[in-house]
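Here are a few notes to read with the structure open beside you. Take them one point at a time and find each residue as you go.

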Amino acid sequence: MISLACRLTAFPRWRRLLLGAGLSVAALLLSGCTGAVGDPREGDGDGVVPGGPTGPTGPTGPEVAERSMFPRLTHAQWENTVRDLLRLDDRPGLSASFTSDPLGGVFDNNEAALLVTPGLWGDYQRAAEELAAMVTADPGKLGRIAPADLPEAPEARAQAFVERFGERAFRRPLTDEERDAHVALFHRGEELFEGEDPFTAGARAALEAFLQSPHFLYRVEVGAGPAEGGLIPLGGHEIATKLAYTLWNTMPSDALLEAAKAGELSTREAVRAYAEGMLDDPRAREVVGAFHRQLYDYELYHDLNKDQALYPEFVPEMGDDMQREAELFVDHVVFDEEGGLADLLTARTAFVNDHLAAVYGVEGDFSDEFERVELDEAERSGLLTRLGFLAAKATARQPDSIHRGVFVNLRILCASLPPPPDDATSLPPGELATNRERVEAHTGKGTCGASCHGALINPAGFAFEHYDAIGKYRTTDNGAPVNSADAYTLGGQPRSYADAVEFSQLLAESSEAHGCYAERWLEFTHGRGARAEDRALVEELGEASRGGASTKELIVRIVSSTPFLARVPAEAP
């Protein structure tokens, strides 16, 4: 029985194709909102039973937050999946014209924002038709997705093509009904595409249907069997799919699908082992890079306007340079050094070219190629003292202590900050000598902003007073000595620091920063905001991170945890 909370839409041509093949459109369209489709799927390998070492538990067992059974692919995931499913050399690039998704929080994979509007259904339809025509027009491309041992008999050829391609498109074996319906549609190809070779026409019709199916566009997580201990374990193919999209941002590889079919993902230890291996794949570097790119707002590094009279060394292309530096730094810490958050906040290793070296004050001959260097330990410590963050959180002429402080509170510490009041004004120029004095006069003691700014925003922002509007280190501001000393409450106690280097070290030792990092990773891997049920696991992960666990270890712990491998039963409609 099907119960869906959202309106379902199918386009005329697809509806005609599927109904002609004996497929019910209602039985195929799955909602990205709430609902239930049938019973837990049988025969999908053995799910990971939520027993044994499960991590944090509540009074009645493991705590698992409710989530969608049908998260939609992001546009990036769609691109990667189409590339891998059709075995193309590169992403097709068609999603650039898709209806855009709203940003649902920090990350672009938040299931709550990934709706399918009528416009997006139309985009999917047009893309499916274009891709099917492109692949079948080229014998070489069609040969890549056809089984190597295709039978000669037309019926057997059609069935072999549908079964193998369908398994990869749906990330699981087809049911008998699905196979028969798509084989029937395959045979209608000659009628739909007159003048084409029968096999080519059939493949084109089947490809169009597969690429528009909700089983392709959504990640379906029905489960492998009845609830045990109040939870429904995911099936092997569902786990393989979830691992692939979490760690690679694309569909499972042929080897991973075979592992699911063979029941090799039926224990928590097996899932952990596969996850560790998957993190060694270059695609995992892209995913880890995407997490940090969104968390640390690399997009803000571009289109910066700096006063050329004050900062002649700043050139427009430095936005690209600063993002590349940040990407190389994170990749080096996470993968080359097997490091974690503490290393991201304190490591002095940097990657610079001629533009960045000039601002950092690194001596030597540099070109447009990036080279690894070690920055001055008295001036730099980790990502918060790098040019991208510092230049993005600054005006054309002055550092922006307020926005630097807001960033640290929200993105590093997950502190709760109320939105600024509607009548908030920008920092007035004033007659005061230093940037800090102007900020304190506008938001410090005795002002309407003293409560939030005095305890949270300003102390965090003032730590970076040694860095000007392009992130260059300075010791004076308008002729006066720079004052970057302050105190911030961490672990329930005010912790004093002299500058950003000491502040970064305190953050690297704090439970707040590690808990925040763990919470962001949980949100990213699950594609949803953190919930109350996640609190115990976040605390456990945060303490592990604080104790020295690497970023890769945090990821592995999340994807081998009960909340990742099981779901709560859907409520009856």
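**Notes on the inside of the model**

1. Let's start with helix H15, which gives the most to the lining of the largest cavity: 5 residues. Keep in mind that this is a predicted model. Helix H18 (387–392) is also on the list of elements that each supply at least two residues to that lining.

2. How many residues line the largest cavity? There are 14, and Tyr 298, Tyr 301, Ala 326, Leu 383 and Arg 386 are the ones nearest its centre. The volume is about 140 Å³, and the lining is made of 11 nonpolar, 1 polar and 2 charged residues.

3. Now try the second largest cavity, with about 110 Å³ of space. Its lining has 11 residues, including Phe 170 and Arg 171, and splits into 3 nonpolar, 3 polar and 5 charged. Helix H11 (residues 236–247) gives the most here, with 3 residues.

4. On to the packing. The largest nonpolar core has 92 residues, and Leu 384, Val 408, Ile 412 and Phe 464 have the most contacts inside it. Another core, of 45 residues, lies apart from it, with Val 82 and Phe 210 among its members.

5. Click on Val 408 too: among the residues it touches are Leu 384, Phe 389 and Phe 503.

6. Last, look down helix H20 (residues 435–443), where Asn 435, Arg 436, Arg 438, Val 439 and Thr 443 are buried. They cover an arc of only 160° around the axis, so they sit on the same side of H20.

Definitions and conventions: Residues are numbered from 1 along each chain as its sequence is written. This is a predicted model: local features need pLDDT of at least 70, side-chain atom pairs count only at pLDDT 80 or more; totals for chains, interfaces and linings use all residues. Side-chain values use heavy atoms; hydrogens and water are left out. A nonpolar core is a set of buried Ala, Val, Leu, Ile, Met, Phe, Trp, Tyr and Cys residues joined through side-chain atoms within 4.5 Å. Buried means under 20% relative accessible area, exposed over 50%, partly exposed in between (1.4 Å probe, protein chains only). Contact means heavy atoms within 4.5 Å. Helices (H or I, at least four residues) and strands (E, at least two) are DSSP runs, numbered from the N terminus. The arc is that of the directions from the helix axis to the C-beta atoms. On a 1 Å grid over the protein atoms alone, a cavity is a set of points where a 1.4 Å probe fits but cannot get out, and a pocket is an open set with protein on both sides within 12 Å along at least five of seven lines; lining residues have an atom within 4 Å of a point. Grid points are joined across faces, edges and corners, and a volume is the space filled by probe spheres set on the points. Ala, Val, Leu, Ile, Met, Phe, Trp, Tyr, Cys and Pro count as nonpolar, Asp, Glu, Lys and Arg as charged, and the others, Gly among them, as polar. Lists of a residue's contacts leave out its neighbours within four places in sequence.
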